[in-house]
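I would like to walk you through one model, so please have the sequence and the structure open while I talk.

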Amino acid sequence: MAINEETVKHVAKLAKLEFKEEDIHDFTEEIDKIIQMVEQLEDLDTQGVEGTFHGITHHSVVRKDESKLEIDREELFKNVKTKQDGFIKVPAIMDNGESGA
Amino acid sequence: MAILDYTLEELHERLVNGELSSVQIIEAVYDKIDETEANVGAFLALNKEEALKHARMVDENGIDPNNILSGLPIGIKDNIVTKGLTTTAASKMLEDFVPVYDATVVEKLAKAGMVSIGKLNMDEFAMGGSTENSAFKVTRNPWDLSKVPGGSSGGSAAAVAAGQVPVSLGSDTGGSIREPAAFTGIVGMKPTYGRVSRYGLIAFGSSLDQIGPFSRTVKDNALVLNAISGYDQRDSTSYKGETPDFTDGIEKGVKGMRIGVPKEYFNEDAKEKGIVDSVRAALKKYEELGAEIVEVSLPHSKYGIPAYYIIASSEASSNLQRFDGIRYGYRADNVNSLEELYVKSRSEGFGLEVKRRIMLGTFSLSAGFYDAHFKKAAQARTLIRQDFEKVFEEVDFLVAPTTTTTAFDIGGKIEDPLAMYMADILTVPVNLAGVPSVSIPCGFSNNMPVGMQLIGKHFDEQTLYRAAYAYEQATDFHKQRPNFKGGK
């Protein structure tokens with residue numbers, strides 16, 4: 001096994017996902033097979049090889065840093081589920097010790 | 001001949017000489033969709049009212065003889081945002097999402113006068129090779145309704161193959177244009193990374209994603225790529241160099257060209273025999289047309305799948321963090337804290353395959369695994385890119401099968417994610433290297449279409465179109481049409 005149920009739960013937490021307790025076992029087996037497949041890369045000698053992290057080799061193009069209004073604020077709020085006084089309304093944050101205070 | 005059998009050029013001629021109006025063409029499209037959609041299931045949303053309004057405007061203003069795409073129909077994959085028209089990426093997460101802006105490609109098509117017909121089904125967030133991962137509907141292959149159309153751009157491919165629209169847009173991260181094009185017997189182009197702006201494409205693997213056209217003919221494909229290519233200041237990875245006219249010199253033929261045949265793409269025992277036979281016959285045809293065939297090697301091809309699944313999933317795990325239930329998208333009910341809102345919204349909104357990829361990507365990027373996974377995959381990517389650069393010193397382009405099998409049965413692979421991943425073995429190296437590749441029909445195996453991909457140098461789509469056109473003109477695979485119920 002390249003991965004166990006504990007690791008799956010830990011990674012799910014990082015990814016802000018949760019799986020039903022009864023599904024964890026099967027999901028772990030499935031993801032384990034996928035991880036074993038990608039770990040075939042271990043056979044490849046990459047010593048001294050630079051990584052490619054981008055899709056382009058030409059320079060990234062940066063536009064001028066000028067502010068401009070492309071989309072209206074009202075428009076942007078159209079897909080918001082709950083709002084109040086021009087803000088997005090979400091469940092309480094301070095009640096459960098997440099405030100860090 | 002029915003209106004929808006015409007190529008874009010033929011439709012344009014008829015608009016100019018007054019034989020047809022844009023409204024007539026657009027009405028024919030919706031009639032055809034009415035007649036066939038119950039069987040094909042390509043569309044997630046139709047834009048009929050707006051499309052007819054647009055067509056009337058084109059007719060009233062008069063057709064510009066120099067603007068070949070004006071008044072002609074196109075379908076759009078549902079991960080490309082369209083202002084005011086629901087865009088879901090086939091995910092429950094975005095079921096009711098109405099974009100407030102247009103993707104650059106949509107703006108460009110509108111500027112060219114093309115009429116947007118509707119949004120096309122796909123695998124959720126473009127993750128999959130069969131369109132079975134759509135949260136909303138099944139899309140069927142017009143050549144055999146019990147088979148998948150391929151994916152992730154399955155709706156875009158099926159709509160063109162079924163004759164609902166002459167052209168459509170898809171996106172290709174690891175084969176999502178070329179594989180469905182092969183499965184449905186049409187032309188699908190994955191342009192060079194950077195050729196087409198990704199602004200407004202719902203991001204999957206940002207260093208791999210490209211938008212490209214589907215069509216029945218090579219020239220129609222080139223005409224659409226003409227319209228959507230070019231530098232865009234809203235996509236920092238878009239290419240600042242010149243955009244050629246991709247139809248320029250398309251009829252010049254392949255005489256004297258050198259075609260590389262990568263041996264790794266032919267030696268697979270697992271490959272359907274009819275596919276290898278069809279592609280070998282196509283190579284013979286190229287020889288008859290005056291090209292020289294040279295065997296070449298892309299030695300790191302076998303590392304394409306592991307490298308691709310690490311890189312694409314890692315990028316996806318980062319890109320999909322934006323779906324948190326706050327500003328747009330699915331929001332879970334009955335939650336007591338912000339953390340619970342994030343977790344429940346994501347867990348209920350994403351489908352199983354999307355969760356698999358987010359999990360694999362998060363794992364590959366997590367402390368302790370980054371070097372063995374993400375960094376190693378990035379190094380493998382360099383070696384794969386160098387393989388292509390090396391062979392392109394000797395040949396003008398490469399020819400290989402697009403897929404290892406023809407279209408498989410609906411339900412045939414969906415329970416086995418690993419088998420589904422392995423099916424991308426011939427397409428992912430192209431995305432890792434960033435080079436362009438077009439799949440064109442080259443035969444039939446078990447009564448299903450076979451596709452071959454032509455792979456070119458960075459920003460050399462022109463050679464690919466020229467070579468694809470030469471083959472197309474010398475054969476008649478592009479003229480064959482599926483004869484499904486509600487089809488002809």
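This is a predicted model: local features need pLDDT of at least 70, side-chain atom pairs count only at pLDDT 80 or more; totals for chains, interfaces and linings use all residues.

In it, 44 residues of chain A are in contact with 56 residues of chain B. On the chain A side, the elements that give two or more residues are helix H1 (5-14), helix H2 (21-38) and helix H3 (73-76), and of these H2(A) gives the most, with 7 residues. If we sort that side of chain A by class, we find 24 nonpolar, 10 polar and 10 charged residues.

Now to helix H8 of chain B, residues 273-288, whose end C-alpha atoms are 23 Å apart, which agrees with the 22 Å that its 16 residues should span at 1.5 Å a residue. Which residues of H8(B) are buried? They are B:Ile275, B:Ser278, B:Val279, B:Ala282 and B:Tyr286, and because they cover an arc of only 95 degrees around the axis, they lie on the same side of H8(B). On the other side, B:Lys273, B:Lys284 and B:Glu288 are exposed. The buried residues pack against several elements of chain B, including strand S7 (258-262), strand S10 (437-445), S11 and helix H15 (461-474). After the helix comes B:Gly290, with a positive phi near 100 degrees.

That brings me to strand S11 (residues 448-455) of chain B, where B:Ile455 is placed. B:Ile455 counts as buried because it has 27 C-beta neighbours inside 10 Å. Leaving aside residues up to four places away in sequence, B:Ile455 touches B:Phe397, B:Leu398, B:Ala400, B:Val430, B:Val435 and B:Ser437.

Note on methods:
Residues are numbered from 1 along each chain as its sequence is written. Chains are lettered from A and ligands numbered from 1 in the order in which they are written. Two residues are in contact if their C-beta atoms, placed from the backbone, lie within 7 Å. Helices (H or I, at least four residues) and strands (E, at least two) are DSSP runs, numbered from the N terminus. Ala, Val, Leu, Ile, Met, Phe, Trp, Tyr, Cys and Pro count as nonpolar, Asp, Glu, Lys and Arg as charged, and the others, Gly among them, as polar. A residue is buried if 20 or more other C-beta atoms lie within 10 Å of its own, exposed if 12 or fewer, and partly exposed in between; C-beta atoms are placed from the backbone. The expected span of a helix is 1.5 Å times one less than its number of residues. The arc is that of the directions from the helix axis to the C-beta atoms.
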